[in-house]
Amino acid sequence: KTVAIVGCPFRGGQAKLGVDKGPIHLVQAGLPEQLAELGWKVQFDGHHQFEEISTEDDPPIGKLKNPRSVSRVCEAVAKVVGEHAKKGQLPLTLGGDHSLAMGTISGTLEKYPDACVIWVDAHADINTAETTDSGNIHGMPVSFLLGIGPKVEEFSWVKPLLKPHRIVYIGLRDVDQGERRILREHGIKAFSMHEVDKYGIGRVVEMALDHVNPGRKLPIHLSFDVDALDPSVAPSTGTPVRGGLTFREGHYICEAVYETGCLVALDIMEVNPSLADSESAKQTVAVGCSLARSALGETLL
Ligand SMILES: N/C(=N\O)NCCC[NH3+]
Ligand SMILES: [Mn+2]
Ligand SMILES: [Mn+2]
Ligand SMILES: [Mn+2]
């Protein structure tokens, strides 16, 4: 089995510098070798070079910031991920900010139209062009994938292939009013940190899988934003939120998803090595690597 590492040095979906350095730090920490150690054939043809569109050539469209850059990069990522998937490889996308998931999940859905999405995150990332406050597109990818909200010409390449009953959230704890309404109106299932506390991570993952993948037959795309973890575990990330998943809870999700045998694509997003002191940055990069290993078969025994 081949895992194709798709390094995406991209930060256009948000404002902080450094998240584009996530991929290089994850690779330099030895992730390819670690996956080979697990028995994977590892394909890594270098980090993808995305030609940046300068800000003066990419003025906001409505509230949306860096729209052309985000759209172009995500479209390229969709193609790359789709190509790897079509070759029967498992694309492992290293971010970079979470707007990239517009590309990765589009790529997955092209090959696996019946795929379900497990979105692990402190945030729902489901704002539309209308509901967004910040205009940062990393808070919006899910709305584009579902095809909800006002049409934005620039993103017309995103096909609304994702269905509301095919996505489930784990780890939510910072969801704004507009997003809460969207989740409710579309009947989208979400396990917040309240449910994690109430039922425990084991039961939450079981309920999440039962919701999107009852027969454990559907391909799974796991999109993991490291800010789902508590900031004490993954401090070096752009939008840290207190009261997150423990180190073990985060890894349990990855282990349990691997155990289904249904994983077809994985994203490790929002590692920003430049936001904390070097020890904390290293810790966050190391967590990104270990989450990936757990999702790709590393066990404790
Ligand atoms: N990390 C973020 N999304 O996962 N930030 C954007 C969302 C803020 N509402
Ligand atoms: Mn490639
Ligand atoms: Mn996110
Ligand atoms: Mn987040």
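Reader: At what angle do the axes of helix H8 and helix H9 cross?

Author: Helices (H or I, at least four residues) and strands (E, at least two) are DSSP runs, numbered from the N terminus. An axis is a line fitted to C-alpha atoms, for helices over the stretch in contact, and angles run from 0 to 180 degrees between N-to-C directions. Here H8 (residues 201-212) and H9 (residues 247-260) cross at roughly 40 degrees, with axes that come within 10 Å. This is a predicted model: local features need pLDDT of at least 70, side-chain atom pairs count only at pLDDT 80 or more, and totals for chains, interfaces and linings use all residues. Residues are numbered from 1 along each chain as its sequence is written, chains are lettered from A and ligands numbered from 1 in the order in which they are written, and side-chain values use heavy atoms, leaving out hydrogens and water.

Reader: What are H8 and H9 to each other, given that angle?

Author: They are oblique, the class left over once angles under 35 degrees (roughly parallel), over 145 (roughly antiparallel) and 65 to 115 (roughly perpendicular) are set aside.

Reader: Which residues of H8 and H9 meet?

Author: Contact means heavy atoms within 4.5 Å. On the H8 side are Ile-201, Gly-202, Val-205 and Leu-209, and on the H9 side Glu-249, Tyr-252, Ile-253, Ala-256 and Thr-260. Six of these contact residues are nonpolar, two polar and one charged.

Reader: Where is Leu-222 found, and is it buried or exposed?

Author: Buried means under 20% relative accessible area, exposed over 50%, and partly exposed in between (1.4 Å probe, protein chains only). Leu-222 belongs to strand E7 (residues 220-225) and is buried at 0%. Beyond four places in sequence, its contacts include Ile-118, Val-120, Cys-254, Val-257 and Leu-263. By contrast, Gly-39, in the loop between helix H2 (31-37) and E2, is exposed at 60%. Gly-39 is 257 residues from Leu-296 in sequence, with their C-alpha atoms 9.8 Å apart.

Reader: How many residues of H4 are buried?

Author: Nine of the eleven, so H4 is largely enclosed by the rest of the structure. Among them are Ala-101, Met-102 and Leu-109. The buried residues of H4 pack against H3, E3, strand E4 (116-120), helix H5 (141-146), E7 and strand E8 (263-269).

Reader: Which residues coordinate the manganese ion (ligand 3)?

Author: Donors are N, O and S atoms within 2.8 Å of the metal (3.2 Å for Na, K and Ca); water is not among the atoms, so sites may look incomplete. For ligand 3 they come from His-98 (ND1), Asp-121 (OD), Asp-125 (OD) and Asp-225 (OD), at 2.1 to 2.2 Å. His-98 is in the loop between strand E3 (90-94) and helix H4 (101-111) and Asp-225 is in strand E7, so the pair ties together parts 127 residues apart in sequence. His-98 is buried at 0%, and Asp-225 is buried at 2%. Asp-121 also bridges ligand 3 and the manganese ion (ligand 4), and the two ions lie 3.3 Å apart.

Conventions
Nonpolar A, V, L, I, M, F, W, Y, C, P; charged D, E, K, R; others polar.
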